[in-house]
Amino acid sequence: MHEVAIVRDIFSTLEAAYPDRMDRILKIEIQAGLLCSVQPILIQNAFQAFVLETPHYAQTELEVELLPIVAYCPSCAKNFEVLYHRFVCGCGKPSDQIIQGEELRISKVIFKPNENEY
Ligand SMILES: [Zn+2]
């Protein structure tokens with residue numbers, strides 16, 4: 001049910017940002033860090049259900065990009081990718097300083113061109 005809430009949140013954010021262009025959204029791209037535990041299939045299902053309830057979004061598509069988890073190692077002063085939830089740098093030191101992986105954001109919105117604008 002996590003994904004249904006995310007989809008509703010995405011649309012309310014967009015409705016606030018583009019109140020006069022909501023009927024022309026063709027595509028929404030979101031980026032979800034792996035720590036958000038977003039399942040792309042579940043979010044697509046939630047999205048399809050939402051779009052069915054809201055016919056003027058019938059032509060809107062959703063694309064989900066998953067972002068890897070990246071943490072910072074203070075000993076090496078470098079970032080490293082966290083694999084299998086193992087927050088340990090290549091040098092062997094643990095770190096929980098997360099740089100990327102917790103975000104959930106709308107990265108791009110594509111609108112259908114308005115025939116009246118040129
Ligand atoms: Zn290190």
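Leu62 is buried, with a relative accessible area of 8%; here buried means under 20% relative accessible area, exposed over 50% and partly exposed in between, with a 1.4 Å probe and protein chains only. The model is predicted, so local features need pLDDT of at least 70 and side-chain atom pairs count only at pLDDT 80 or more, while totals for chains, interfaces and linings use all residues. Residues are numbered from 1 along each chain as its sequence is written, and side-chain values use heavy atoms, with hydrogens and water left out.

Leu62 sits in strand β2. Helices (H or I, at least four residues) and strands (E, at least two) are DSSP runs, numbered from the N terminus. Not counting residues up to four places away in sequence, Leu62 touches Ile28, Ile30, Ile43, Gln44 and Phe47, where contact means heavy atoms within 4.5 Å. Strand β2 also holds Val64, which is in contact with Ile30, Ile43 and Gln44 once neighbours within four places in sequence are set aside. From C-alpha to C-alpha, Val64 lies 16 Å from Phe50, a residue 14 places away in sequence. For Leu62 and Ile98, 36 residues apart in sequence, the C-alpha distance is 27 Å.

Helix α2 comes next. Its 14 residues (40-53) reach 20 Å from the first C-alpha to the last, close to the 20 Å expected at 1.5 Å a residue; the expected span is 1.5 Å times one less than the number of residues. The buried residues in α2 are Ile43, Ala46, Phe47, Phe50 and Val51. Seen down the axis of α2, these buried residues fall within an arc of 135°, so they line one face of the helix. The arc is that of the directions from the helix axis to the C-beta atoms. Ile41 and Leu52 are exposed and are carried on the face of α2 turned away from its buried side. The cover over the buried residues of α2 includes α1 (2-17), β1 (25-33) and β2 (61-67).

A zinc ion is held by four cysteines. Its protein donors are Cys73 (SG), Cys76 (SG), Cys89 (SG) and Cys91 (SG), lying 2.2 to 2.3 Å from the ion. Donors are N, O and S atoms within 2.8 Å of the metal (3.2 Å for Na, K and Ca); water is not among the atoms, so sites may look incomplete. The site is tetrahedral, with angles of 104 to 115° among its four donor atoms; four donors count as tetrahedral if all angles lie between 85 and 135 degrees. In sequence, the donor residues follow the spacing C-x2-C-x12-C-x1-C. Distant parts of the chain are linked by the pair Cys73, in strand β3 (residues 69-73), and Cys89, in the loop between β4 (78-82) and β5 (97-100), 16 residues apart. Cys73 is buried at 1% relative accessibility and Cys89 is buried at 10%, whereas Cys76 is partly exposed at 32%. The structure holds zero disulfides, a disulfide being a pair of cysteine sulfur atoms within 2.5 Å.

Ser37, in the loop between β1 and α2, has a positive phi of about 55° although it is not a glycine, and is partly exposed at 47% relative accessibility. Ala77, in the loop between β3 and β4, is likewise not a glycine and has a positive phi of about 55°.

Conventions
Four donors count as tetrahedral if all angles lie between 85 and 135 degrees; four count as square planar and six as octahedral if opposite donors are over 155 degrees apart and all others between 65 and 115; anything else is irregular.
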